[in-house]
Amino acid sequence: MIYTKQEIDILREAGFILSDILENVATIAKIPGTSAYDLEILAETLIKEYKIEPAFKGYRGYPNCLCVSINEEIIHGLPKKDKIIKKGDIVSLDLGIVYKGYYSDKAITFIIGERSRKIKKLVKATLESLFMGLLEIYPGNYLSNVSNAIQTHLENNGLSVIKTFAGHGIGKELHEFPLVPNYGNKDEGLILKEGMVFTLEPMATLGKSDIEILDDGWTVVTKDKKLSAHFEHTIVVTKEEGEILTI
Ligand code: MF3
Ligand code: CO
C-alpha cells in the first residue's frame, strides 16, 4: 500500500496528536502509586478532547484504549485497577488512535526511578535498535535489512529478540501489509518504496525469547519472567529516508 502526500500529511498530524497524548500519559505514569487504570482514563479523556478515536478499543475484542505492560509483561498489558506502578518498574505504554480515518501507533518504555546498569542497557539498546532499523529505511533497500539491523543491535547488546510479534503496515487500518519482523537475514523479500507506511516495534528481554499469554487472554509475558522492553514508532518511507510520524 502506497500513501499519497495528502494522506501522509494527515498521518503526520495523527502522529503528532498521538505523541502528545502519550507524553501526557507517561508524565503521570512516572508517579509511583499510579494505577494502570488511571492512565487508561487519562488516555480516554485526552482522546475525547482531541475529538478522535482510540484504535485498540474493540480491535479483536481488546477492551481498552491503552496497553500498560510492566516488567516481565512485554506487550498488550491490560490497564487494570490493581496494576499499581512502583519505583523500579519498567513500564511500557502502547497507544493507537484514528484521526480523519487514518491510524497511528506508538509505544514507549521507561524506568520508574533509578535501576541497575543492566536494566538501563535493556531499555537503551531496545530504543537504539529502532533507530538502527530506521537507518536502513530508504527506497530500494530490502525491508529485511531493517529487520536484520534491529536484531543485530539487540543481540550485540546481549538481549534476546521477541520473535512472536512484529511491526506492521498501518494507515487505513491498524494492521496492514507488510509484516515487519524484528529479526531476519539481509537482502531478502520485499523492497521499500516511497509512500509505504509501517511501524517498527522492537521487543527485547534480558532472558529467553519464549513468551506466554496470561489467563486474561491478552497480556504477553516472558516465560522466564525476565524483564522486557518495547518501543514503537509509525514511520513513512520518503524519497530519501524513513521519517518518524509519531514524534
Ligand atoms: N501496538 C500494538 C499492535 O500494533 C497494539 C495492539 S493492541 C490491540 O499490535 F488490542 F489492538 F490488539
Ligand atoms: Co503496533
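Select R12 to begin: at 32% relative accessibility, R12 is partly exposed (buried means under 20% relative accessible area, exposed over 50%, partly exposed in between, with a 1.4 Å probe and protein chains only). E243 sits in strand 15 (residues 242-244) and R12 in helix 1, 231 residues apart (helices, H or I with at least four residues, and strands, E with at least two, are DSSP runs numbered from the N terminus). Show D9 as well: D9, R12 and E243 are linked in a network of salt bridges.

A word on the model: it is predicted, so local features need pLDDT of at least 70 and side-chain atom pairs pLDDT 80 or more, while totals for chains, interfaces and linings use all residues. Residues are numbered from 1 along each chain as its sequence is written, and side-chain values use heavy atoms, leaving out hydrogens and water.

Next, pick K5 and E194, whose side chains meet in a salt bridge (3.7 Å, N to O). K5 lies in helix 1 (residues 5-29) and E194 in the loop between strand 8 (176-180) and strand 9 (197-200), so the pair ties together parts 189 residues apart in sequence. K5 is exposed, at 61%.

Are E73 and K83 buried or exposed? Select them and look: both are buried. They form a salt bridge too, with the closest N and O atoms 3.0 Å apart.

Conventions. Chains lettered and ligands numbered in written order. Salt bridge = Lys/Arg side-chain N within 4 Å of Asp/Glu carboxyl O.
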